[in-house]
Amino acid sequence: MHVGTCIVKLRLAENDSLKGKRQVSKSIIERVKNKFNVSIAEIDDQDRWQTLTLGISCVSNSAPHANEILSKVVNFIENNRFDAELVDYQIEILNAL
């Protein structure tokens, strides 16, 4: 069993309130959950208006498949207009028995 984890950092340049940030984060989280069937949540920077950090995880029977799923999620977030700019991301695959 392989567990894939990903941390995605986004910048919300046009955002001016926590309410606006919450709307963007909920939109991204729901669309990613529905499309890719992964676990996703806001994991850091909850008190910052223009920064959004998401944690994403998946479980697979192969490391390349887990990496492919998480890469597709990152591409989806980057290529769909969520009023957010992808600043950085990190994918890590863990081997769990």
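This note goes through a predicted model point by point, from the strands and helices to single residues.

1. Pairing of β1 and β3. Strands β1 and β3 run antiparallel and are joined by 10 bridges. Within this pairing, Lys-9 stands opposite Thr-53 in β3. Strand β3 is mostly covered, with seven of its 10 residues buried.

2. Pairing of β2 and β3. Strand β2 covers residues 39-44 and strand β3 residues 51-60; the two run antiparallel, with five bridges between them. Opposite Glu-42 stands Leu-54 of β3. Asp-44 has Thr-53 as its bridge partner in β3. Thr-53 is also the residue that Lys-9 stands opposite.

3. The hairpin of β2 and β3. Six residues lie between the two strands of this hairpin, where Asp-45 takes a positive phi near 60 degrees. Asp-45 is in the loop between β2 and β3 and is not a glycine. Is Asp-45 buried or exposed? Its relative accessible area is 10%, so Asp-45 counts as buried.

4. Asn-37 sits in the loop between α1 and β2. Asn-37 has 70% relative accessibility and therefore counts as exposed, whereas Asp-45 is buried.

5. The nonpolar core. The largest nonpolar core of the model contains 24 residues, and Leu-10, Ile-28, Val-32, Val-38 and Ile-56 are those with the most contacts inside it. Two or more residues each come from β1 (2-11), α1 (18-36), β3 and α2 (63-79). The largest share, seven residues, is that of α2. As for Ile-28, its contacts beyond four places in sequence are Leu-10, Leu-52, Leu-54, Ile-77 and Phe-82. One of these, Leu-10, is itself among the residues with the most contacts inside the core, and another, Leu-54, stands opposite Glu-42.

6. Helix α2. This helix has 17 residues and reaches 24 Å from its first C-alpha to its last, close to the 24 Å expected at 1.5 Å a residue. Its buried residues include Ala-66, Ile-69, Leu-70, Val-73, Val-74, Phe-76 and Ile-77. They lie on the same side of α2, because they cover an arc of only 160 degrees around the axis. What do the buried residues of α2 pack against? They pack against β1, α1, β3 and β4 (85-95). On the face turned away from the buried side, α2 carries the exposed residues Pro-64 and Asn-79.

7. Cysteines. The model holds zero disulfides. The sulfur of Cys-6 has its closest cysteine sulfur, that of Cys-58, at 9.3 Å, which is too far for a bond. Cys-58 is accordingly in no disulfide. Cys-6 is buried, with a relative accessible area of 2%. Cys-58 is buried as well, with a relative accessible area of 8%.

8. His-2. This residue is in strand β1. His-2 has a relative accessible area of 18% and is counted as buried, because the cut-off for buried is under 20%. Beyond four places in sequence, His-2 touches Cys-58, Val-59, Ser-60, Asn-61, Ser-62, Ala-63, Ile-93, Leu-94 and Asn-95. One of these, Cys-58, is the buried cysteine of the previous point.

9. Lys-21. Lys-21 belongs to helix α1. Is Lys-21 buried or exposed? Its relative accessibility is 2%, so Lys-21 counts as buried. With neighbours within four places in sequence left aside, Lys-21 is in contact with Leu-12, Asn-15, Glu-42, Asp-45, Gln-46, Arg-48, Trp-49, Thr-51 and Leu-52.

Notes: Residues are numbered from 1 along each chain as its sequence is written. This is a predicted model: local features need pLDDT of at least 70, side-chain atom pairs count only at pLDDT 80 or more; totals for chains, interfaces and linings use all residues. Side-chain values use heavy atoms; hydrogens and water are left out. A disulfide is a pair of cysteine sulfur atoms within 2.5 Å. Buried means under 20% relative accessible area, exposed over 50%, partly exposed in between (1.4 Å probe, protein chains only). Two strands pair if DSSP finds at least two bridges between them. Helices (H or I, at least four residues) and strands (E, at least two) are DSSP runs, numbered from the N terminus. A nonpolar core is a set of buried Ala, Val, Leu, Ile, Met, Phe, Trp, Tyr and Cys residues joined through side-chain atoms within 4.5 Å. Contact means heavy atoms within 4.5 Å. The expected span of a helix is 1.5 Å times one less than its number of residues. The arc is that of the directions from the helix axis to the C-beta atoms.
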